[in-house]
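Please keep the sequence and the coordinates at hand while reading.

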Amino acid sequence: SSRTSGSWEEIGANARLMAAAPDLLGALKDLINFDVKGHALIDRLQFSNGGRDLSAKILGAIAKAEGD
């Protein structure tokens, strides 16, 4: 075969990531809805630049996973 061992390692890593994807998506959704002192975490993240950046990354990842 023309594949190198590195390619097989990458295929294995991709397979593990795909297997974990539904759990990761569920965890992200749970995380953004996690209640912090009466407010969803995603709302609390809006109070700082870093939080807004993280919020955008999380929501972007969810949208990508859901095909939006």
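This is a predicted model: local features need pLDDT of at least 70, side-chain atom pairs count only at pLDDT 80 or more; totals for chains, interfaces and linings use all residues.

Leaving out neighbours within four places in sequence, Leu25 is in contact with Ile62, Ala65 and Glu66.

**Nonpolar core**
- Leu25 is one of the eight residues of the largest nonpolar core, which also takes in Ile32, Ala40, Leu41, Ile42, Leu45, Ile58 and Ile62.
- At least two residues of this core come from each of the helices α1 (5–33), α2 and α3 (49–66).

**Ile42**
- Ile42, itself a member of that core, has its place in helix α2, which covers residues 41–44.
- Its relative accessibility is 14% and the limit for a buried residue is under 20%, so Ile42 counts as buried.
- When residues up to four places away in sequence are not counted, Ile42 touches Ile32, Ser55 and Leu59.
- With Ser55, Ile42 forms a pair that is 13 residues apart in sequence, while the C-alpha atoms of the two lie 6.3 Å apart in space.

**Lys37**
- Lys37 is found in the loop that lies between strand β1 (35–36) and strand β2 (39–40).
- Most residues other than glycine have a negative phi.
- Lys37, although it is not a glycine, has a positive phi of about 55°.
- Its relative accessibility is 74% and the limit for an exposed residue is over 50%, so Lys37 counts as exposed.

**Chain as a whole**
- The chain has three helices and two strands, and from the N terminus on its elements run in the order α-β-β-α-α.
- The radius of gyration of the chain is 17 Å, whereas the globule rule gives 11 Å for 68 residues, and because the value is well over that figure the chain is more spread out than a compact globule.
- Along the principal axes, the C-alpha trace of the chain spans about 55 × 20 × 20 Å.
- Of the contacts between residues at least 6 apart in sequence, 39% join residues that are at least 24 apart.

**Surface and charge**
- Buried residues account for 15% of the 68 residues in the chain.
- The chain exposes about 5300 Å², and 59% of this area is supplied by carbon and sulfur atoms.

Conventions:
Residues are numbered from 1 along each chain as its sequence is written. Side-chain values use heavy atoms; hydrogens and water are left out. Helices (H or I, at least four residues) and strands (E, at least two) are DSSP runs, numbered from the N terminus. Buried means under 20% relative accessible area, exposed over 50%, partly exposed in between (1.4 Å probe, protein chains only). The radius of gyration is taken over C-alpha atoms; the globule rule is 2.2 Å times the number of residues to the power 0.38. Contact means heavy atoms within 4.5 Å. Accessible areas come from the Shrake-Rupley method with a 1.4 Å probe; for residues, only the protein chains shown count as cover. A nonpolar core is a set of buried Ala, Val, Leu, Ile, Met, Phe, Trp, Tyr and Cys residues joined through side-chain atoms within 4.5 Å.
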